[in-house]
Amino acid sequence: MPPPTDLLTRLHYLALVSRRMGGSPLLTATRKKLPGGGTEVTGYRDYAPGDDWRQIHWTWCARRDEILVKVFEGQADRNVYLLVDSSPSMGFGRPPKLRLARRIAAALGYVSLLNMDGLGVAAFAETLLADLPPVRHVSRFQRVLEFLDALQPAGSRTDLTRSAEALIRRFPRPGPVVVLSDLYDPGGFHRGLDLLRHAGYEPRLVYLVDPEDARTGLLGDLALVDGESQAVREVTVTERAARRYRSLVGEFQARIGRYCRRHAVAWVQFACDTAEDDVLPRVLGARRSAACGFAGALSRNETTSVTP
Amino acid sequence: MSFTHPMALWLGLVAVPVVILYFLRVRLDHHTVATGMFWEQALAPERGRARWQRWRNKVSLAAQLVLVAAATLAAAGLQIPPPQLIVLILDNSATMNAADVPPTRLAAAKEFAGRLVEGLHSEDRMAVLTTGGIPAVVSSASDDAAGLQAAIESIPATHEPSQMAGALLAAQAIPVPPGLIGRIVVLSDACFADAAALSGEHGFEMVRFGTPAPNTAITRLAARRTLPDPRVCEVLVETRNYSPRSAESRLVVALDGRPIDTVNVSMPAEGRWQQVFRMTTAAGGLLAARLDPPDAYPADNEATVAVPPAPTLRIQHVEGVAGDSQASPLFRALAANPLVEILDPQAAEKPPDAGPSVSIRVFEGHVPETLPPGPVLVVDPTACDLWRVGEPVEDPTVARLAEDSPILAGVRMLDVYLDGARRLELASSPLPPGETPKGYPGVRALPFLWTADGTPLGYTIDRPQGRVVVLSGNLEQSNLAMQAALPILVANALDWLSGQPVRGTEKPADCVGGIADARGLDLRGPAELGVEPDAVIIPRPWPPAWLWPAGLALAILVAEWCLYQRRWMT
């Protein structure tokens with residue numbers, strides 16, 4: 001089924017505006033030395049597993065019996081990956097966080113395809129649950145939409161580290177990885193992002209939050225059901241514990257911001273109840289405030305993001 | 001433990017829904033959250049109280065059940081201790097008048113009894129008995145505090161010894177209503193007989209007032225008139241020392257405030273002292289004795305007795321022959337009697353209310369034709385309605401006497417020559433015993449003097465209008481006037497005529513004053529008996545017992561709300 005015309009029209013308009021205003025900060029390419037691609041050979045380095053064998057300097061290998069790969073500089077064809085969190089926690093929120101994640105992923109995917117980037121999409125929870133191999137033309141946007149529409153909360157927990165490892169294995173060609181998630185990873189979100197960074201991928205973050213998580217009104221004797229693991233735990237929520245919970249949530253969100261700023265990871269935070277008409281222009285950089293690097297407060301339910 | 005409103009105990013059924021709600025509440029609500037990782041960290045510090053958390057609901061249920069129980073007890077009007085029937089024996093004997101506990105032991109005991117009444121619970125009863133003299137019930141078992149206070153205030157001080165044994169028996173005879181606990185409380189100074197034994201037998205609670213103290217007392221004050229001279233009184237004073245040491249005092253005896261005698265009294269340890277005083281007073285008065293200085297029990301240091309005036313006879317002497325009546329032997333015999341008052345001879349002609357009444361009329365040498373009513377003494381009679389005068393007696397010498405006649409008591413009349421004596425012919429002479437003369441029913445005449453030939457010379461006549469003594473013969477011509485028997489004879493005649501002793505009898509009536517019973521004067525009860533008043537004081541029922549469970553219920557409610565229920569409010 002073809003995508004809705006109004007959606008395409010709107011995305012196309014936003015993509016054009018975004019391009020005119022400098023593009024989406026989440027998709028901005030980093031000019032750097034690449035083991036493959038580019039237009040100018042600027043050097044050589046040791047071969048590493050996963051490098052494109054087509055970039056091996058065979059002559060040097062023949063002479064010196066060493067395997068080197070050519071290093072190019074400049075814009076090259078690249079793949080953009082959308083790593084969508086489809087763990088059960090993304091099904092919470094009104095509307096569910098996964099719904100907003102799908103919309104943002106669709107917008108980013110459309111812009112990427114419009115920019116002639118390769119677009120790979122993967123859904124993850126405790127690992128990669130599904131993926132869409134990279135496609136490269138806007139005409140394939142229909143497949144992207146179908147893939148995103150098919151995403152439902154699944155899995156038993158969020159494990160960004162394992163998912164990143166799976167992504168790297170599945171899509172060995174580095175490129176910008178836009179992680180759309182609530183980052184409810186008990187093992188820590190930073191490990192997965194660090195793995196992507198260290199593997200040469202450029203992680204960007206769309207952090208989705210449910211305002212109700214930070215405003216819990218739970219109190220008293222409860223049977224808490226973990227939405228991801230479905231584990232049930234009988235607890236007694238005291239006033240002190242509730243305050244501690246709210247403090248932990250706030251600290252978690254602050255830690256995300258500190259991580260992204262420290263490692264120059266572009267990120268943006270949206271509440272799940274943010275209006276879609278407000279989210280997409282900002283994600284795509286179609287607004288001056290967004291084009292300015294998301295430096296300011298985006299909305300009442302949003303925090304700041306940083307461009308690399 | 002008892003309840004004012006037992007029906008309120010049904011409120012305890014509230015515990016049933018409390019238990020039901022408890023089981024409903026322990027079914028925890030399930031709340032699904034996006035992630036449990038924050039809750040894990042938030043609740044990590046709570047793990048230390050995990051053991052308590054397991055018991056918390058049970059403790060909460062227990063607290064609520066205690067709350068329900070406490071509220072039920074409060075609503076039912078819990079009373080601790082249970083209602084009591086207090087039989088209060090208030091000792092108002094003589095020793096309770098001692099002033100070592102100001103103002104007196106009795107006043108202090110009554111004040112303490114008032115505090116006991118104030119401390120009564122609403123369901124308590126109290127009966128009040130006294131033990132001074134004959135045990136008496138001042139107030140039956142009642143819960144009327146005002147009535148009990150009034151009854152206690154009305155208890156008088158007495159000078160009687162305590163009869164505690166009887167009072168205890170009376171107290172034990174008071175029935176104890178069901179549901180009440182009987183209790184006998186004695187307010188006393190323990191100065192009663194067999195105090196230690198009674199305490200062991202009856203098991204009462206005794207609050208002691210006063211401490212053992214030495215005491216000197218006037219144990220007897222008596223006065224009597226002497227036989228020879230009724231104007232003279234003998235006053236007997238007896239004092240006693242209730243102390244292990246000898247005591248020195250000063251005794252002052254006064255009549256109507258006029259000191260009669262003052263002596264120093266030295267009493268040995270546990271001993272007594274007696275002395276008889278003599279005083280002359282015909283008018284009598286209030287005789288008082290006082291021991292100085294006063295001691296712990298000043299009331300027994302004074303004693304009074306009323307000495308009545310000496311009895312006197314008002315005599316009207318009428319002599320038939322004109323002359324100096326006061327020179328007659330009969331008049332002199334009458335005047336010699338200190339208890340005889342001779343009235344004006346003209347008083348007989350005056351109306352009865354014109355002067356003092358006449359006790360005895362004396363006719364000498366002349367008798368009215370009709371003897372006046374009342375006692376009459378006739379000497380040397382003339383004819384009247386009661387007798388006729390006959391021929392003179394040839395030999396008027398007394399030869400025979402009526403030994404049993406009261407007229408002749410202590411008198412020797414044989415060989416007395418009564419010159420001028422005439423035969424007396426009574427209406428029926430001689431009257432046989434029991435025969436009534438015609439026209440004078442009830443008259444009974446007995447001769448008491450005879451001549452040698454058996455002629456009666458004197459009669460005692462008992463008539464309904466009054467007694468009559470008639471003696472034939474002229475005393476001025478008789479040798480009787482020269483003998484000492486005449487005043488005695490006249491005195492005997494006056495005694496018989498008046499029907500009362502005039503000179504005093506062999507056993508004159510004593511006038512006894514002071515403490516009638518010396519047993520109640522010892523202020524040294526067993527020291528080990530009794531407790532201080534505060535030891536048995538009933539605490540004032542405030543706060544009432546029901547207020548404690550009410551307060552407990554409120555405290556549990558607040559604690560339960562603050563620590564548990566409040567967390568459900570969001």
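Reader: What makes strand S16 (residues 313–319) of chain B and strand S18 (residues 360–364) of chain B a pair, and in which sense do they run?

Author: In this predicted model, S16(B) and S18(B) are joined by 5 bridges and run in the parallel sense. Two strands pair if there are at least two bridges between them, so the term applies. One position to look at is B:His317, which stands opposite B:Val362 in S18(B).

Reader: Which sheet of chain B holds S16 and S18, and why is its pairing called open and mixed or otherwise?

Author: The sheet has 8 strands in the order S17-S16-S18-S19-S25-S24-S23-S21, is open, and its pairing is mixed. Its edge strands are S17 (340–343) and S21 (400–401) of chain B, each of which pairs on one side only. Helix H9 (residues 485–498) of chain B packs on this sheet. H9(B) touches S16, S17, S18, S19 (376–379), S24 (456–463) and S25 (466–471) of chain B, and its direction makes about 155° with that of S25(B).

Reader: What makes S6 and S8 of chain B the edges of their sheet?

Author: That sheet is also open and mixed, with 5 strands in the order S6-S5-S4-S7-S8 of chain B. S6 (136–142) and S8 (205–208) each have a single partner strand, so one side of each lacks a neighbour in the sheet. From one strand to the next, the twist averages 15°.

Reader: Why is S5(B) called largely enclosed by the rest of the structure?

Author: A residue is buried if 20 or more other C-beta atoms lie within 10 Å of its own. In S5(B), 6 of the 6 residues are buried, so the strand is largely enclosed. Both faces are covered by the count: B:Arg125, B:Ala127 and B:Leu129 point one way, B:Met126, B:Val128 and B:Thr130 the other, and all are buried.

Reader: Why are helices H3 and H4 of chain A called roughly antiparallel?

Author: H3 (residues 97–114) and H4 (residues 141–149) of chain A pack at an angle of about 165°, with their axes 10 Å apart. Angles over 145 degrees count as roughly antiparallel, so H3(A) is roughly antiparallel to H4(A). Their crossing is right-handed. H3(A) contributes A:Arg102, A:Ala105, A:Ala106, A:Gly109, A:Tyr110 and A:Leu113 to the contact, and H4(A) contributes A:Phe141, A:Val144, A:Leu145 and A:Leu148. By class, these residues divide into 8 nonpolar, 1 polar and 1 charged.

Reader: What makes up the contact between the two chains, and which element gives the largest share of the side of chain A?

Author: The contact takes 31 residues from chain A and 20 residues from chain B. S9 (220–226), S10 (232–237) and H8 (239–262) of chain A each give two or more residues to the side of chain A. The largest share, 7 residues, comes from S9(A). The side of chain A has 15 nonpolar, 6 polar and 10 charged residues.

Reader: How do you know that S9(A) pairs with a strand of chain B?

Author: S9(A) is joined to S2 (residues 29–33) of chain B by 5 bridges, and the two run parallel. At least two bridges are needed for a pair, so S9(A) and S2(B) qualify. Among the residues concerned, A:Val225 has B:Thr32 as its bridge partner in S2(B).

Conventions
Residues are numbered from 1 along each chain as its sequence is written. Chains are lettered from A and ligands numbered from 1 in the order in which they are written. This is a predicted model: local features need pLDDT of at least 70, side-chain atom pairs count only at pLDDT 80 or more; totals for chains, interfaces and linings use all residues. Axes are lines fitted to C-alpha atoms, for helices over the stretch in contact, and angles run from 0 to 180 degrees between N-to-C directions. Helices (H or I, at least four residues) and strands (E, at least two) are DSSP runs, numbered from the N terminus. Angles under 35 degrees count as roughly parallel, over 145 as roughly antiparallel, 65 to 115 as roughly perpendicular and the rest as oblique. A crossing is left-handed if the near helix is turned anticlockwise from the far one by less than a right angle, and right-handed if clockwise. Two residues are in contact if their C-beta atoms, placed from the backbone, lie within 7 Å. Ala, Val, Leu, Ile, Met, Phe, Trp, Tyr, Cys and Pro count as nonpolar, Asp, Glu, Lys and Arg as charged, and the others, Gly among them, as polar. A residue is buried if 20 or more other C-beta atoms lie within 10 Å of its own, exposed if 12 or fewer, and partly exposed in between; C-beta atoms are placed from the backbone.
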